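Subject: Model handover

Hello,

Here is the structure you asked about. Please open it first, then read the notes below.

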Amino acid sequence: MKKLGLDATDIRILSAVQQHGHLSKTRLAELVNLSPTPCWARLDRLKSAGILRGFHADIALERIIDFTQVVVTVAMSSHRKIEFERFELHIRNLDEVTQCIATGGGMDYVMTVVTPNLAAFQRLMEEMLSADLAIERYMTYIATRQVKSSHPNLAKLTTTS
């Protein structure tokens, strides 16, 4: 995938949006030290280029409902491309799976799953096993509390040492 060349101002815009969410034109311009019109034009360019995918609310779910969060590692029985594609398509359509990453090494995937309770999680896993997704084995880790949830610090990632 071709990387879009970003300058320090673009990084400041993305960092401000990442930290504060959807901002007014004036507030964003203040945060990145740029006049509003060029700032907004840059933001539009970043959106059009697919770098800024959207704005999302960080909801304190634990203050609203009881839920069960489980981290699941999955090892596939087959390492054929078609099996990975079938698994990934299935996962993309499950609202309960809030994150899934493909990994190298002993496990093929690591997922975060959020369900109303442990019984609902178990039903979800039984459905996945019945769906012929080439799952050889899976391991579950019940989350007991959230210690940290954040996005990478974009400014630090783009700094060359």
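Helices are DSSP runs of H or I with at least four residues, strands are runs of E with at least two, and both are numbered from the N terminus.)

Some ground rules. This is a predicted model: local features need pLDDT of at least 70, side-chain atom pairs count only at pLDDT 80 or more, and totals for chains, interfaces and linings use all residues. Residues are numbered from 1 along each chain as its sequence is written, and side-chain values use heavy atoms, leaving out hydrogens and water.

Helix 5 (118–130)
Ala120, Phe121, Leu124, Met125 and Met128 are buried in helix 5. (Buried is under 20% relative accessible area, exposed is over 50%, and partly exposed lies in between, with a 1.4 Å probe and protein chains only.) Seen down the axis, these buried residues fall within an arc of 140 degrees, so they line one face of helix 5. (The arc is that of the directions from the helix axis to the C-beta atoms.) Their cover includes strand 1, helix 4, strand 3 and strand 4. (Contact means heavy atoms within 4.5 Å.) Glu127 and Ser130 are exposed on the face turned away from the buried side.

Helix 3 (36–48)
Cys39, Leu43 and Leu46 are the buried residues to look at in helix 3. They cover an arc of only 60 degrees around the axis, which puts them on the same side of helix 3. The buried residues of helix 3 pack against helix 1 (8–20) and helix 2 (25–32). Thr37 and Ser48 are exposed on the other side. Just after helix 3, Gly50 has a positive phi of about 80 degrees.

Loops
Ile64 sits in the loop between helix 3 and strand 1 (68–76). Ile64 is exposed, at 58% relative accessible area. Ala131 lies in the loop between helix 5 and strand 4 (135–142). Ala131 is partly exposed, at 30%. Gln146 is in the loop between strand 4 and helix 6 (154–158). Gln146 counts as exposed, at 51% relative accessibility. Gln146 and Gln69 are 77 residues apart along the chain, and their C-alpha atoms are separated by 9.6 Å.

Best wishes
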